[in-house]
Amino acid sequence: MPRMLVEEFFFEAIYSSAINFNRLLSEAAYISDKLSLQANTQNSRIKLDLEEFWVPLEYDIPDLIAMPSKSLGRALGIYLLSMTNDQAAIHGVPAPKRYPIKHPIDTNLYMKDRMRQTHDIVHILTNFNTSQEGEMGLQAFYLAQRCSPLSPLQIMQTIGNFWAKKIGQDYLSAIAEGLKMGVQAEPYVAFSRIEEKFIHDIDEIRSDYNIVPSQGSKWNWM
């Protein structure tokens, strides 16, 4: 079967209610190559991490909770505690221990693991909660930052569900916020060494990254 054109892919994602998700994943890899999304993320920040064999700070929840009251580290500690009450206990294990990076490592695998390691942190910085709408807002942030070829897929699938009247317009509003936030923020936030800023005030970190957090909606933490 011939490959779909990019335009055909997005058209089908929006208008078809019976898309095979495995096929979408296959097409995502093809589109990723065609649009050079992975090449766009080969920035100097990632190259420097790989050259220096850099790995993020490992931490435990008590270490985070002990940090200053308005710090990013403490906010993350509280977030992880709430996640263990609300979801699987595995969330109580901080991300660097769940997804350890061992050098030397392939660039694409490094990027994938860094997104896993910083996912909870980016949730906090953007103020998108873990509701379905909040997760879509975060995926839109990733899309605007060119972090992952899977983000466009998830967003197109959400738009398709909206078109089919399976979900409400709140999803589109969260996506719009995430796109705007991701465009105006410093590039590749998810790949930065955010862990080195844990003791800093969370609002100062947002200012450093030029992140204006989402506020006042049901997909926000507060």
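This is a predicted model: local features need pLDDT of at least 70, side-chain atom pairs count only at pLDDT 80 or more; totals for chains, interfaces and linings use all residues.
Local features were taken only at pLDDT of at least 70 and side-chain atom pairs only at pLDDT 80 or more, while totals for chains, interfaces and linings use all residues. Residue numbers start from 1 along each chain as its sequence is written, and side-chain values use heavy atoms, with hydrogens and water left out.

The packing comes first. In soluble globular proteins, nonpolar side chains tend to be buried together. A nonpolar core here is a set of buried Ala, Val, Leu, Ile, Met, Phe, Trp, Tyr and Cys residues joined through side-chain atoms within 4.5 Å; buried means under 20% relative accessible area, exposed over 50%, and partly exposed in between, with a 1.4 Å probe and protein chains only. The largest such core has 40 residues, and Leu72, Leu76 and Leu125 have the most contacts inside it. At least two residues of this core come from each of helix 4 (44–51), helix 5 (61–65), helix 6, helix 8, helix 9 (132–144), helix 11 (170–184) and helix 12 (202–209). Helices (H or I, at least four residues) and strands (E, at least two) are DSSP runs numbered from the N terminus. Helix 8 supplies the largest share of the core, seven residues. Leu72, leaving aside its neighbours within four places in sequence, is in contact with Ile121, Ile124, Leu125, Ile194, Lys197, Phe198, His200, Ile202 and Ile205, where contact means heavy atoms within 4.5 Å. A second, separate core has six residues, among them Met136, Ala140, Tyr171 and Ile175.

On a 1 Å grid over the protein atoms alone, a cavity is a set of points where a 1.4 Å probe fits but cannot get out, and a pocket is an open set with protein on both sides within 12 Å along at least five of seven lines; lining residues have an atom within 4 Å of a point. Grid points are joined across faces, edges and corners, and a volume is the space filled by probe spheres set on the points.

The whole structure has one cavity of 30 Å³ or more, and the volume of the largest cavity is about 30 Å³. Its lining consists of Tyr59, Leu76, Leu80, Pro94, Ala95, Gln117, Asp120 and Ile121. Helix 6 (72–86) and helix 8 (107–126) are the elements that give two or more residues to this lining, and the largest share, three residues, comes from helix 8.

The second largest pocket has a volume of about 300 Å³. It is lined by 14 residues, of which Ala75, Ile78, Ile124, Trp221 and Met222 are the closest to its centre. Helix 6 and helix 12 each give two or more residues to the pocket lining, and helix 6 has the largest share, five residues.

The backbone remains. Most residues other than glycine have a negative phi, and most peptide bonds are trans. A cis peptide bond joins His103 and Pro104, with omega about -5°; Pro104 is in the loop between helix 7 (95–98) and helix 8. Phe53, in the loop between helix 4 and helix 5, has a positive phi near 55°. Phe53 counts as exposed because its relative accessibility is 52%. Lys165 has a positive phi near 65° and lies in the loop between helix 10 (150–163) and helix 11. With a relative accessible area of 77%, Lys165 is exposed.
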